[in-house]
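Here's a quick briefing to read with the model open beside you. Grab your viewer and follow along, topic by topic.

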Amino acid sequence: MGVPEKLAERMSMAEQHEYLRARFSRRTMIRGGAVTLGAVAGGAFVPGATAQAAVPTRHPAPAAATVDGAHVAPFGRHLAWGNDPRTEITVSWQVPVAVRKPFIRIGAHPWDLSRRIEAEVRTLYTPAGVGASGDHTQYYLHARLAGLRPGRTYYYGVGHQGFDPAEPHLLGTVGTFTTAPAHKAPFTFTAFGDEGVGYHGLANNSLLLGQNPAFHLHAGDIAYADPSGAGKTADTGFDARTWDSFLAQTETVAKQVPWMPAYGNHDMEAWYSPNGYGGEDARWTLPDNGPDRKNLPGVYSFVYGNTAVISLDANDISFEIPANLGISGGTQTTWLEGQLKKFRAAKDVDFIVVFFHHCAYCTSTAHASEGGVREEWVPLFEKYTVDLVINGHNHQYERTDVIKAGEVTKKLPIGGTAYPETDGVVYVTAGAAGRSLYAFSAPDTYEGHEHETDSVASFVNTKDGKVHETVGWSRVRYLNYSFLRVDVSPAPRGRQATLKVSGIAETGDRIDHFTVSRTAK
């Protein structure tokens, strides 16, 4: 049982966290004692560097017992960039039971994994009664690698005492990753949101590999261990074990393609921490260059080639789902403007891509548009001529015309070109990664099946509730499973660099394509 529903409606994430802790902590402490979260060591791939210990966070949990490591295989490998994708990456994975002396091996060849680095362990305990599962302990392991060479492919294997990936019979477990290049070069990235566990998520993942992306953006609502998505703990369906299935499902891609998430409303899990992100902190190691690592761990930025990418946490400004509304005290928006100003002035950055969960502009009958985003961030996107905004939240594909000040400045038909420097911003909802689909109030219109409609009934979530609106900016709508592919092409100074953006259906068919063009620096 969680927080009673009527009570949860009046409580923030922090208040619900304290309620659950008070209710469960005495019982679980009596039953099993306490275990430290994060207590082994994080290593750096730098000759002569010393390992840095994780900052411990205490969680009540039963005493952990280890088994023979030879009988335990790692799973759920996933990569994430560090602050500089040219030289930094984190390899993360999971084991089903506690193991001794976890580590990563890394080298320039699969037959030469001589460099061995200790891994950091983060133990996450969920007691029976918090949601649907019984007592469940999860063991997440992380190895931060730094001092890597740009544009280099590395081979790695993860293991522990009794399981060494350098052994001949375990070479099949070795994976690879490739760091970002030192200079501008063409590359591809992919994006979607709202995946969960199931066939459609698995099918989209298999297609992602075929795109050969340099990295993948996940625009929030990742695994759906909390199916309510309201930031309430009253939902008895919460099941921490869903994450085990999710990380196993995505491993085929995420073990070789950095998987960069933003956090959505279904990613707030009240048991683990006051902001709901304690569980996410155990599972992911993301860039730590955001404005408030304690409250906003999913806010960060990185630069790959000529493109700057910014991840935001829209739970902080959501009127629709206010569990974490105002948690940053405005620091996130201040940080965002600083990042936009910095990247727009940077001599090597041509494009700025921003991704987060709640939609700025969408006509779904479920969530539609978020007024908090329009108030806080859209003016900044326009001021600094952001090139592409990617959202999830609504389980469908929708793409706008070019927008400025809430109005269409230029129609952007399928195959058209937008010029952000003069036209405005294009917004894409790519929330059909795997969860059950929503609906539109207007007919589908997509590549090969165009039904142009210049007036669509919708609504926007404001601080005073839903406000109905009729919009003219909904250019492409596709109600089926899909993801986004973006091909980035740099250009010599003064020429036109491009983002070629394509919507790809789960069937492999292209449902949309357009180009964003900007004068290269």
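D454 counts as partly exposed in this predicted model, with a relative accessibility of 40%. Its salt-bridge partner is K411, with N and O sitting 3.2 Å apart. K411 is partly exposed too, at a relative accessible area of 44%.

**The D454 bridge and its surroundings**

- D454 sits in the loop between β23 (427-430) and β24 (456-462), while K411 is in the loop between β21 (407-410) and β22 (417-418), so this pair ties together parts that are 43 residues apart in sequence.

- How many salt bridges turn up in a search of the whole structure? The search finds 23.
- Take R283 and E269, whose closest N and O atoms are 3.1 Å apart in a salt bridge.
- R283 belongs to helix α5 (residues 278-283) and E269 to the loop between β13 (259-261) and α5, and the pair, 14 residues apart, links distant parts of the chain.
- Are these two buried or exposed? R283 is buried, with a relative accessible area of 0%, and E269 counts as buried at 2% relative accessibility.
- Next up is the salt bridge between R344 and D387, where the closest N and O atoms are 3.1 Å apart.
- This one also links distant parts of the chain: R344 is in helix α6 (residues 331-345), D387 is in the loop between α8 (378-383) and β18 (388-391), and they are 43 residues apart.
- R344 has 17% relative accessibility, under the 20% cut-off, so it counts as buried.
- D387 is buried as well, its relative accessible area being 1%.

**Nonpolar cores**

- The largest nonpolar core has 98 residues, and F177, F215 and L217 touch the most other members.
- Which residues does F215 touch, setting aside those up to four places away in sequence? They are W81, F187, T188, F189, T190, V257, P258, F302, Y304 and V309.
- There's a second, separate core of 32 residues, and among its members are I310, F356, Y384 and V389.
- In soluble globular proteins, nonpolar side chains tend to be buried together.

**Polar side chains on the inside**

- R77 is found in strand β3 (residues 75-81), and R77 is buried with a relative accessible area of 11%.
- A polar atom of the R77 side chain lies 2.5 Å from the backbone oxygen of T173.
- Beyond neighbours up to four places away in sequence, R77 touches S92, W93, Y156, V158, T173, V174, G175, E251, A254 and K255.
- N324 has its place in the loop between β15 (307-311) and α6, and at 3% relative accessibility N324 counts as buried.
- The N324 side chain has a polar atom 2.9 Å from the backbone oxygen of N275.
- Leaving out residues up to four places away in sequence, N324 touches M13, M268, N275, Y277, N315 and D316.

**T242 in helix α4**

- T242 lies in helix α4 (residues 242-254) and is buried, with a relative accessible area of 19%.
- Its contacts, apart from neighbours within four places in sequence, are with V197, A223, Y224 and A225.
- T242 and S133 are 109 residues apart along the chain, yet their C-alpha atoms are separated by 9.7 Å.

**The second largest pocket**

- This pocket has a volume of about 300 Å³.
- Its lining takes in 18 residues, and the ones nearest the centre are D84, R86, V303, G305 and D348.
- Which elements give two or more residues to that lining? They are β14 (300-304) and α6.

**The chain as a whole**

- You'll find eight helices and 29 strands in the chain.
- Of its 521 residues, 59% count as buried.
- Among contacts in the chain with a separation of 6 or more, 73% come from residues 24 or more positions apart.

Note on methods. Residues are numbered from 1 along each chain as its sequence is written. This is a predicted model: local features need pLDDT of at least 70, side-chain atom pairs count only at pLDDT 80 or more; totals for chains, interfaces and linings use all residues. Side-chain values use heavy atoms; hydrogens and water are left out. A nonpolar core is a set of buried Ala, Val, Leu, Ile, Met, Phe, Trp, Tyr and Cys residues joined through side-chain atoms within 4.5 Å. Buried means under 20% relative accessible area, exposed over 50%, partly exposed in between (1.4 Å probe, protein chains only). Contact means heavy atoms within 4.5 Å. A salt bridge is a side-chain nitrogen of Lys or Arg within 4 Å of a carboxyl oxygen of Asp or Glu. Helices (H or I, at least four residues) and strands (E, at least two) are DSSP runs, numbered from the N terminus. A polar contact is a pair of N or O atoms within 3.5 Å; within protein, one must be able to donate a hydrogen and the other to accept it, and residues adjacent in sequence count only if both atoms are side-chain atoms. On a 1 Å grid over the protein atoms alone, a cavity is a set of points where a 1.4 Å probe fits but cannot get out, and a pocket is an open set with protein on both sides within 12 Å along at least five of seven lines; lining residues have an atom within 4 Å of a point. Grid points are joined across faces, edges and corners, and a volume is the space filled by probe spheres set on the points.
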